Amino acid sequence: MKLFLDTAEIEEIRTAARWGVLDGVTTNPSLYAKVGGSYDELLVEICRITPGPVSAEVVADDVEGMLKEGRAFARLAPNIVVKVPMCEEGLEAIYRFAEEGIKTNCTLIFSANQGLLAAKAGASLLSPFVGRLDDINQDGMEVIRDLVSIVEMHDLDSEVLAASIRHPRHVTEAALAGSHIATLPFKVLQQMVHHPLTDKGIQTFRDDWQKARAAAAASAKPTGTASARKPAAR
Ligand code: G3P
């Protein structure tokens with residue numbers, strides 16, 4: 001399963017890229033609002049750092065507006081994917097983008113049927129929001145499982161991207177459900193790295209190493225004592 005970061009924070013993206021675990025990035029207007037500045041300049045920088053696709057979201061509510069915003073994003077870098085919301089205008093825009101060879105990520109998917117429609121319209125990525133469904137007492141992961149089965153059963157040319165991931169268990173479940181991609185907040189990526197027994201084990205090994213080095217250094221010191229001067233046994 002590919003791992004994307006769900007963020008507009010450059011330092012978080014740089015860190016994940018250095019760890020060698022970054023396959024792509026998703027942004028949205030709310031994530032952009034946290035960092036501010038020029039969205040275009042931010043996207044160019046993110047695209048430069050990120051080895052894979054970078055999603056940039058349109059906010060227009062009409063098809064022509066979505067197309068105008070999306071075409072402008074697509075000109076910024078070759079790895080831009082235009083994020084389009086699931087709605088009637090969104091489907092039409094996705095279909096038009098596909099005809100122009102512009103890749104899209106259909107966002108705000110909350111049912112397998114919405115995902116099926118987005119795939120048929122030509123979206124490259126289908127983004128069901130797992131956490132927001134869990135928030136309203138529905139099983140978000142069920143949409144991932146159903147949509148993965150539909151995509152594979154009918155050989156659709158789209159990938160399922162598990163979004164609205166809130167904790168590491170969501171990542172494991174998305175991977176087990178066969179999701180092609182999961183997009184994670186940086187905090188969840190960090191939580192995946194750590195385990196209390198790993199952190200404790202690292203500290204124990206370091207402490208024992210220091211003790212062993214100190215003991216070795218002490219025994220190697222010429223002490224001038226009788227035992228140190230004793231000739232070797234024949
Ligand atoms: O990128 C969209 C999605 O991941 C949002 O997550 O936590 O705001 O529901 P969240």
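Predicted model: local features only at pLDDT ≥ 70, side-chain atom pairs only at ≥ 80, totals over all residues.
## Ligand site

The ligand sits in the largest pocket, and the residues around the ligand are Asp 6, Asn 28, Lys 83, Phe 129, Arg 132, Ala 163, Ser 164 and Arg 166.

Three of these side chains can be described by the distance from one of their N or O atoms to an oxygen atom of the ligand: for Asp 6 the separation is 2.5 Å, for Ser 164 the value is 2.7 Å, and for Asn 28 the corresponding figure is 3.2 Å. Of the 310 Å² of accessible area that the ligand has on its own, the protein covers 82%.

## Lys 103

Lys 103 is placed in the loop between helix H5, which spans 88–100, and strand E5, which spans 104–109.

Once neighbours within four places in sequence are left aside, Lys 103 is in contact with Val 81, Val 82 and Ser 124. Computed along the chain, Lys 103 and Ala 72 are 31 residues apart, while their C-alpha atoms are 13 Å apart in space.

## Asn 105

Asn 105 lies in strand E5, and with a relative accessible area of 0%, which is under the 20% limit, Asn 105 is therefore buried.

Not counting residues up to four places away in sequence, Asn 105 touches Thr 26, Ser 55, Val 81, Val 82, Lys 83, Val 84, Leu 125, Ser 127 and Leu 161. One of these, Lys 83, is also among the residues around the ligand.

Note on methods
Residues numbered from 1 in each chain as written. Heavy atoms only, no water. Helix = DSSP H or I, 4+ residues; strand = E, 2+ residues; numbered from the N terminus. Contact = heavy atoms within 4.5 Å. Buried < 20%, exposed > 50% of the residue type's maximum accessible area, 1.4 Å probe, protein only. Near = heavy atom within 4 Å. Polar contact = N/O pair within 3.5 Å; in protein donor to acceptor, adjacent residues only side chain to side chain. Areas by Shrake-Rupley, 256 points an atom, 1.4 Å probe, with all protein chains shown as cover. 1 Å grid on protein atoms, 1.4 Å probe; cavity = no way out; pocket = protein on both sides within 12 Å on 5 of 7 lines; lining within 4 Å. Sits in = over half its atoms within 2 Å of the grid points.
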